[in-house]
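Subject: Handover of a structure

Hello,

Here is the structure for your files. The notes on it follow directly below.

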Amino acid sequence: MCYFRKEQPLLKNYGNRPGELFIVSGPSGVGKGTICKEVLKTESTVQLSVSATTREPREGEVHGVNYFFLSKEEFTERIENNEFLEYAEVFGNFYGTPIKPVEEKLNSGIDVLLEIDVQGAIRVKKNYPEGIFIFVLPPTLAELRRRLTNRGTDSPEVIEERLSKAMGEIKQMFEYDYFVVNDDLEEAVATTKAIILAEHHRVKDHGLELLRILEEEE
């Protein structure tokens, strides 16, 4: 059952609402990807944004599911046509968020989760300021260090670099609308769902339509 579509008469009759774009970001190792995956497990009207990339598919990866796999020529052409919410070049390959699939989902009433790094989120905000921006924080920097270490994918030098970068990223949280502290995963997921719920109950966005429905029922 969708988290925010409760069986209330007014909301039950209030259909055809557009979806919202929720941008979830934070420092490396904070657990933003895990939070998004847990939200998607229970929320049928929330979908994850699929990124585009010019890198080669890895074994088991499916075009349109894991990524949209494009040639560099295709990616460059789409950049020139302003078809990305944001994009970046990483180690010789391009990565970006295509606008069209996001718009199609939003227009059909589906909420979209975009999990992205802080720099990407700031770029998205310039192109889509009406998005809802959620910053995921670690409970402490010591805990973030522990998580990065336990991943076992980075050298001590890289971990120190990530931690130093994290402080700069955390200072950018004032560009966001909400924060979620990922201390207890279940609580962090519940908080993220609560944000989704709250955003679909804004009077400034839906008040006139709700009044129209009530007046039609008189």
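Arginine 146 is partly exposed, with a relative accessible area of 42% (buried means under 20% relative accessible area, exposed over 50%, partly exposed in between; 1.4 Å probe, protein chains only). The model is a predicted one, in which local features need pLDDT of at least 70 and side-chain atom pairs pLDDT 80 or more, while totals for chains, interfaces and linings use all residues. Residues are numbered from 1 along each chain as its sequence is written, and side-chain values use heavy atoms, without hydrogens and water.

Salt bridges

Arginine 146 forms a salt bridge with glutamate 143, and the closest N and O atoms are 2.6 Å apart (a salt bridge is a side-chain nitrogen of Lys or Arg within 4 Å of a carboxyl oxygen of Asp or Glu). Both residues sit in helix H6 (residues 141–151); they are 3 residues apart and therefore separated by about one helical turn (helices are DSSP runs of H or I with at least four residues, strands are runs of E with at least two, and both are numbered from the N terminus). Glutamate 143 counts as buried, at 17% relative accessibility. A salt-bridge network links Glu143 and Arg146 with Arg147.

Arginine 151 pairs with aspartate 154 in another salt bridge, with 3.4 Å between the closest N and O atoms. Arginine 151 is partly exposed, at a relative accessible area of 39%.

By the salt-bridge rule, the count comes to 11. One of them joins the side chains of glutamate 43 and lysine 193, at 3.6 Å from N to O. This pair links distant parts of the chain, 150 residues apart: glutamate 43 is in the loop between helix H2 (32–42) and strand E2 (46–48), and lysine 193 is in helix H8 (residues 185–199). Glutamate 43 counts as buried at 3% relative accessibility, and lysine 193 is buried with a relative accessible area of 14%.

Lysine 105 belongs to helix H4 (residues 99–107). Apart from residues up to four places away in sequence, lysine 105 touches Gln47, Leu48, Ile110 and Val112 (contact means heavy atoms within 4.5 Å).

Surface patches

Glu73, Glu74, Glu77, Glu80 and Glu83 form a negative surface patch. Patches are made of residues with over 30% relative accessible area and no salt bridge, with like charges joined within 9 Å and nonpolar side chains (Val, Leu, Ile, Met, Phe, Trp, Tyr) within 5 Å; the place of a charge is NZ of Lys, CZ of Arg, CG of Asp or CD of Glu. Accessible areas come from the Shrake-Rupley method with a 1.4 Å probe, and for residues only the protein chains shown count as cover.

Glutamate 83 lies in the loop between helix H3 (72–80) and strand E5 (84–90), and is partly exposed at 32% relative accessible area. Asparagine 82 is in the loop between H3 and E5 and is exposed, with a relative accessible area of 62%. The phi angle of asparagine 82 is near 55°, a positive value in a residue other than glycine.

Leu208, Leu211 and Leu214 make a nonpolar surface patch of about 330 Å². Leucine 208 is in helix H9 (residues 203–216) and is exposed, with a relative accessible area of 75%.

Contacts and distances

Glutamate 86, in strand E5, counts as buried at 9% relative accessibility. Beyond its neighbours within four places in sequence, glutamate 86 is in contact with Tyr95, Gly96, Thr97, Ile116, Gly120, Arg123 and Val124.

Serine 51 is in the loop between E2 and strand E3 (52–53). Its C-alpha is 9.1 Å from that of valine 65, a residue 14 places away in sequence.

Valine 158, in helix H7 (residues 156–170), is partly exposed at 29% relative accessibility. Valine 158 and glycine 26 are 132 residues apart in sequence and 17 Å apart in space, C-alpha to C-alpha.

Regards

Terms used:
Lys and Arg count as positive and Asp and Glu as negative; His and the chain ends are not counted.
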